[in-house]
Amino acid sequence: MRLLLKLLLFFFTQSVFSQYLASTNYTTADGLPNNAVRSLFIDRSNVLWIGTENGISRLQNGIFQTIDETDGLSHNSCWDIAQDANGTMWFASYGGGISKYDGRKFTIFTKKNGLPANKTRKIFPFRDKVYVGTEQGISIIDINSNKVITPNVPKTKEDFICMDFFIFEGEVYFISIFDGLFKIDEKGEKPIVVPVFKGKNFYSQFLNANTIYFGNEGFVQQTNLPKLLKGKADFTTFGTSIIWDFAQTRDGKIYAAADGVYNPDGGVYEIMNNQMINVSEQLGIDSKIILNVVYDAQRNVLYAGSNDKGIYEIRLGSMIKSFPFLNRSCIDFELVGNEKFVLHNEGISILNASGALKKEVFRSDFKKFESDYIKQHPGVFKTDYRESRDFELNFKIPAEGIVFYEMVKNSSTIWVASNIGIFELNTQGKIISYIPKHSLKIGFTSDGKFIETITFAGVYVYDDVYSLKGTHYSKFEDNTPQFIVKILNHKDKTYLISVFNGLYVHQKSKFRSYLSESIWKEKKFKHITVNAKDQLVLAAEFGDVFIVEDDKQFKIKKKISKDEIAGKTINFLESYKDYLLIGTESGITIYHNGNIRLIDKEQGLKNCNFKSSKIFKDELWLGTEKGYYVLNLNQLLSDQKTAQSMAIEKILINNQPISKANYNWFEYSGKELICDYKHNSFAVDFVPKGHLFPNKLKFRYRLNSSNRWSPYSDKPSVFLSYLPHGNYNLEIEVFDQNAGKVTVFQLLKIVVQSPFWLRWWFIAGLVLIVILIVVYGVIRYKNKAKEKALIEKRIAETKLDALLSQMNPHFTFNAMNTVQDFIISNDVDNSLLFISELARLMRLTLDNSSKKTIPLDEEISFLKTYIKLENMRFGNRVTVNIVQDKAIDAPFIEVPTMLLQPFVENVFVHAFNDEHPNPKLDITFRMKARQLLECTISDNGKGKASFQKVKLHKSKALLLAAERLQLLQPEIENPISTDFTEQNGTQIRILLKV
């Protein structure tokens, strides 16, 4: 009977106090391609690979990246994953052979390449080879040459299904489901399969030193491998279900994945002392079809793959232990000696130093003690215990109706407040006294007096609580505490905090209100504690946290804003060393020297509706409505790993993915990205590595060290739209809420090339062209200036020559002869007139010779003087007509100086002789165009004969006039034209630009 009771107590204790580890279940809802998980593998980079019935996934930073047939995989049903000595990944498929992936491309091996079957189950890398287990035998693939060798296997009536490989003393062994254990002998030219042990139903194996475990149909077989190889099989059989996979942790624990196929006894088991212990519930695994397990030694995490509910991530070294405690609501904790008192909705549980259950005090025990007290004190009914209309003590409440409020330790006893009164218990958990009082909040003063707070009736302070002798403080006094939620003794003061009236203090039998005395105007408080510096720490339920000193003078030392605290409602406040632990509905905010950390469901706090808290030495106990948590504070507050490196997983440019050739092992292989100015919008997905909890990471970025950081984001991605041309060094800052650390990574250098018209070579070329144009212009200008100077010089010379030609010796000789004739003929008047006109002509010639142009009327006046002199020589026989167009404004039209005189002179010299009967000279001026003047000089002289005579004479004056016009007006191609006949004489047309 005693043995039975002990067993019942053992199983009860196990069910109540079993520890539950933090676990996470990933399914298709989280990105897994299929919930049927066939294989798990941790590669050298500590990335988890998951083989499913619908492709392969990589779990990194909490995100699944899927690979399937569209990426080159041979078949989506992946039954095993491995990595060879070169770092290449290998995938066994159930129907598509083997896929080899080198980080960029896939190489496929099927029956066409030499495999015995396309249904492959196992891949085992060893040295420079990969051993492949199929449903028809095995193959060996050279990892460097891809050469496939398929040794012969024994002929059997059933399929020769290879399930697993292992190494022992440098040689490769494998098991077959229906045929037992075999060795591969590779000493000869061709590998040989050698039978070792004939067995049946070998589904899996695990070698631990010299001990080997075989997963059989419904049990596990254990034996010594060296003895087995010598034919001395000595098996130990234990357990249940079918084990499909094993994993061993760094502390030596062996976990097994089980699926009973037709029996609902699957799950995760721990192999210990020749026993299979089902630990699925403690690990948070609710699937009965577990096909594989793998252990991440770096993070101390166990992964279990199911055939129906995806994968489970179990943190074996979790700093948080969960105790469901039969779903009891844990109200309060206290420590008495080495024993922990847990107040819950059903009573009190007392745990010893190791956490085992020592004793329980149930509600019925409290009710019985109350009833016994009433029987012993019948006068209690005659006393009015109704402190107010809201808190009348009801002695008729049954045991199941008892509500516990709190538990307070005083000296070596425990006091419990409830809706049926106040109870005192000794260190053994025995109820030793009862106070028929109803109070939501009780406590003791710093000098040991009992405090009873009454919401609507003030406060009692008892000198002797057992006899209810004490002092009542009226609620109508300003300093009397009202609506008290916490009582704390610190040094020689007792602090009481109110949800409406701020902070109170009791000292030397007096209460003081800091709000009423205007010491501190904060009104609403919910929690109070003392930190390592003996400072008070107070928190409002929906507000800030304050650190204050209240020794000689009250002073607020620090205020932690509610914006820095995760969550809205503060459920508990604790201090440990120089850390503050602030519990909210979102988790635990850890505050330390301005740094913030967050502990929540990702680390194992699945229920953050905290009802109570207490620190016992180096442990934080947190009560919830369904059990409690125990947190190892040294582990919790130790330095945590954070992101160690950063990789780029995906890049989009103008919303288009870049070529896969830029990636290696699913990561962007470059450090720089160069684009033209038209491709300047970028989306970059990155992956932080080396951290423990991906959901605790927040990211922000900046494009250069001189820029401001962007706001924090939960998403590991950056979108940069329409970047101007230039160079950018994209930096990512990672804030790890778990570690409380900030790390900055240089992620990518982005170069947006400028438009060609802003490139240096274009600008240099443009500058060079401009320089060449300027140089050409300067040279041309100088050449033009030289040319102009030469022209002006030549014009001056022609003008001088023209002047000289006009005053040629022939004219002078003729003029002198004419004067002589007048003198001989005693014609004094004509002599004087001729000399006067000659002098006038010479004066005009000298005046105009320095001018380039003169008004047309002056040119006509000069011609008239010259014609008059010439006509006097001819006895005034030549009829001269000078006609001017009415449209011509002669005083304002400029013509070249003395240009026309040589043409008129030719008329008098060559056109007429003494026998000419009626010589005529007509000079006409008319506007041929807007800026074009035509001068016509006509005579009725000898015509062509006269012109031929002029040509033979080679009149220098005419040649100079023609050259002069070509220099002055080069745009007029033929400024001088001549028409003549024997009968009509000669007509010369001269075009002048005006």
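Which residue takes a positive phi in the hairpin of β57 and β58? Asn 654 does, near 50°, in a hairpin with two residues between the strands. Strands here are DSSP E runs of at least two residues and helices are H or I runs of at least four, both numbered from the N terminus.

Colleagues, this is a predicted model, in which local features need pLDDT of at least 70, side-chain atom pairs count only at pLDDT 80 or more, and totals for chains, interfaces and linings use all residues. Residues are numbered from 1 along each chain as its sequence is written, and side-chain values use heavy atoms, leaving out hydrogens and water.

Let me stay with β57. Two strands pair if DSSP finds at least two bridges between them. β57 (residues 645-653) runs antiparallel to β62 (residues 682-689), joined by eight bridges, and Met 646 stands opposite Pro 688 there. With β58 (residues 656-657), β57 pairs in the antiparallel sense over two bridges; Ile 653 has Gln 656 as its bridge partner.

I turn to the interior. A nonpolar core is a set of buried Ala, Val, Leu, Ile, Met, Phe, Trp, Tyr and Cys residues joined through side-chain atoms within 4.5 Å, where buried means under 20% relative accessible area (1.4 Å probe, protein chains only). The largest core has 38 residues, and those touching the most other members include Leu 856 and Val 904. Its largest share, eight residues, comes from α8. Leaving aside neighbours within four places in sequence, Val 904 is in contact (heavy atoms within 4.5 Å) with residues including Leu 863, Leu 921 and Ile 937. Apart from this core lies another, of 28 residues, among them Phe 686 and Tyr 728.

Conventions:
Buried < 20%, exposed > 50% of the residue type's maximum accessible area, 1.4 Å probe, protein only.
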